[in-house]
Amino acid sequence: MSTFSKLKILLLFLIFNIIYCEAQIINDYPISPVSFTKVSIDDEFWKPRITTNNEVTIPDTFKKSEETGRIRNFAIAGGLEDGEFEGIFYDDSDVFKIIEGASYSLNQIPKQKLKEYVDNVIFKIAAAQEEDGYLYTNRTINPSKVQIAAGKERWSHLIHNHELYNVGHMYEAAVAHFLATGEENLLNVAIKNANLIDNVFGPNKNLGVPGHQEIEMGLVKLYRLTGDIKYLNLAKFFIDQRGNSEGHDLYGTYSQDHKPFVEQRKAVGHSVRAGYFYAGATDIAALTGSNEYDESIFSIWEDIVQHKTYLTGGIGSEPHIEGFGPDYELPNATAYTETCAAISMMLWNHRLFLLTGDVKYMDVFERTLYNGFLPGISLEGDTYFYPNPLESDGKYEFNQGMIKRSPWFDTACCPVNIVRVLPSLSGYIYSVNDNNIYINLFIGNTSEIDIKGKKIKLNQSTNYPWDGKVKLTVEDSDGELSTGFRIRVPGWARNEVLPGNLYKYSDERKLNLSLSINGTNQKIEIKDGYVIVENNYWKSGDIIKIFFEMDVRKVLSNEKVVANRGKIAFERGPLVYCAEEVDNPSGVLDLRLDLNSDFKYFYDKELLGGVGKIIGKAKNINDVEVDFAAIPYYA
Ligand code: FUB
Ligand code: ZN
């Protein structure tokens with residue numbers, strides 16, 4: 001290549017970057033998250049899991065995608081290979097989700113081999129894209145042989161075909177890939193596809209909506225990156241068109257398509273669709289600055305946390321619809337609590353925090369992260385839970401992977417969702433607003449935070465979730481900006497299991513909390529659930545320490561939850577505990593515990609990669625006193 005051509009490419013790249021970096025976003029969340037690209041996790045709890053995700057889970061899920069034809073489908077659709085479509089019409093989305101996860105990882109640990117592999121998969125995806133931007137391998141491979149649920153023609157069976165859901169995941173992957181690598185190969189595919197969708201759907205065009213929400217969040221990310229308002233408008237169109245019978249036959253409550261969103265007040269239907277929908281609507285509220293969804297968003301959230309959330313943060317009690325049941329219907333053994341549904345709650349609650357600054361949303365996020373999301377993957381990183389029931393007799397199994405984690409599923413949404421969430425975790429720890437840095441998660445890391453054009457480099461070190469000591473060190477600061485900190489006091493440390501009265505701790509024990517700055521104890525001021533560390537011109541070497549006491553807690557459930565009557569649950573810090581027969585040989589389902597007896601905690605570094613255990617005494621079915629032991633539910 002001539003020097004001139006190289007210069008031309010460099011110039012184009014620079015122009016492109018300037019355009020993307022300066023995308024004009026008119027309205028935005030009042031609180032801005034510190035990007036995953038600025039935070040590097042380095043602790044004993046999450047780092048090994050993220051490493052396992054890089055080294056085991058990403059290769060494993062790519063391999064499974066190869067073995068099951070998911071990747072070959074793109075090659076066939078693109079004319080690179082011969083063959084027939086294999087799998088299910090929504091399988092394209094799995095590959096996009098792994099690319100999204102791999103991109104976050106590439107940002108943190110650049111790996112040439114992984115990058116080359118991802119580029120090769122992107123090459124196949126690009127080849128599979130039709131001339132006008134359409135991307136859906138099930139149809140492109142052989143339009144006369146599409147699966148029935150895909151519909152004979154493009155867009156003819158939106159209720160089931162996932163045509164729009166799939167590409168929503170592609171947009172999310174493309175944006176992550178661009179942010180991580182600066183490369184446009186997937187982004188170009190995404191933009192071309194989104195432009196097609198925009199030509200087809202909208203007012204005075206096709207008025208249909210996707211059966212499964214997801215594209216809304218993807219379009220918002222495209223808008224955020226490119227500044228092209230049409231993507232935001234299209235996302236809003238999909239939100240507003242739902243429940244509007246002009247243009248499509250309503251899909252009903254299963255797809256939250258029974259009435260317009262602005263009239264919805266209760267969480268209904270398939271819980272992943274619901275969570276993605278509410279998260280997308282929250283994005284629109286923030287990015288348009290409109291209040292029109294407020295009543296719906298906040299009422300539905302209250303409905304979920306007050307009536308429909310498991311102690312683990314899991315949602316979706318009805319296996320047959322993979323979704324919400326009536327209020328207080330939270331059976332433990334048949335709980336569906338899909339891993340993806342937990343993820344949808346995390347995505348939504350983080351957005352709600354950014355919109356309102358209310359601590360309760362990050363409390364739900366944390367509860368779900370440790371207890372609803374994390375159980376979805378084994379310590380080894382190659383087996384997965386899809387439903388996450390809270391009780392098992394070792395026999396009942398509505399869906400594969402209820403009794404023990406499974407190496408794969410025909411519908412593999414959950415494993416690949418874990419793949420993308422784990423390495424993005426660094427993006428949920430900090431956020432900024434005015435001169436304040438919010439610290440929402442206690443995860444060891446080093447970060448470089450931009451605030452009002454100044455940079456502050458922070459180190460957080462902690463042994464959380466095993467103890468509540470957190471040390472923040474200012475590693476570098478030009479000392480030119482007076483900055484304050486808002487440190488989240490977790491709900492469990494404020495005696496609040498979840499907002500509302502679905503659950504409560506059995507006692508009102510006040511846990512200790514302390515704060516010191518450079519070794520001097522401080523008077524604690526808590527505002528809206530955050531410890532306030534007043535503005536200061538921080539210097540390198542300044543140290544803030546916070547301590548949240550952790551203790552074994554017993555949780556009682558609202559009596560209206562029939563399945564929980566007469567039962568208690570154990571928690572310690574952010575973790576929900578679980579008793580298993582392997583530790584309680586006389587069985588767990590009939591164990592009787594004395595609410596007032598003492599239960600101790602100890603950390604067993606040899607067990608399951610190191611876990612805290614709760615031990616004490618119980619009575620078995622024959623009224624004989626036996627030893628009792630519980631480990632964290634996620635483990
Ligand atoms: O339809 C795509 C995904 O498959 C859903 O989100 C999951 O619930 C599973 O049905
Ligand atoms: Zn899933």
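Student: Why does the arrangement of the four donor atoms around the zinc ion (ligand 2) count as tetrahedral?

Tutor: The general idea is to look at the angles, since ideal angles at a metal are 109.5 degrees for four tetrahedral donors. In this structure, which is a predicted model, the four donor atoms subtend angles of 97 to 119° around the zinc ion (ligand 2), and the arrangement is therefore tetrahedral, because four donors count as such if all angles lie between 85 and 135 degrees.

Student: Which residues coordinate the zinc ion (ligand 2), and how are the donor residues spaced in sequence?

Tutor: The zinc ion (ligand 2) is held at 2.0 to 2.4 Å by the OE atom of E338 and by the SG atoms of C340, C413 and C414. Written as a pattern, the spacing of these donor residues is E-x1-C-x72-C-C. C340 belongs to helix α14 (residues 339-356) and C413 to helix α16 (residues 413-421), so that this pair, 73 residues apart, links distant parts of the chain.

Student: Are C340 and C413 buried or exposed?

Tutor: Both C340 and C413 are buried.

Student: What are the residues around ligand 1, and which classes do they fall into?

Tutor: The residues around ligand 1 are H162, Y165, H212, H270, V272, E322, E338, Y386, T411 and C413, and by class this shell has four nonpolar, four polar and two charged residues.

Terms used. Residues are numbered from 1 along each chain as its sequence is written. Chains are lettered from A and ligands numbered from 1 in the order in which they are written. This is a predicted model: local features need pLDDT of at least 70, side-chain atom pairs count only at pLDDT 80 or more; totals for chains, interfaces and linings use all residues. Side-chain values use heavy atoms; hydrogens and water are left out. Donors are N, O and S atoms within 2.8 Å of the metal (3.2 Å for Na, K and Ca); water is not among the atoms, so sites may look incomplete. Four donors count as tetrahedral if all angles lie between 85 and 135 degrees; four count as square planar and six as octahedral if opposite donors are over 155 degrees apart and all others between 65 and 115; anything else is irregular. Helices (H or I, at least four residues) and strands (E, at least two) are DSSP runs, numbered from the N terminus. Buried means under 20% relative accessible area, exposed over 50%, partly exposed in between (1.4 Å probe, protein chains only). A residue is near a molecule or strand if one of its heavy atoms lies within 4 Å of it. Ala, Val, Leu, Ile, Met, Phe, Trp, Tyr, Cys and Pro count as nonpolar, Asp, Glu, Lys and Arg as charged, and the others, Gly among them, as polar.
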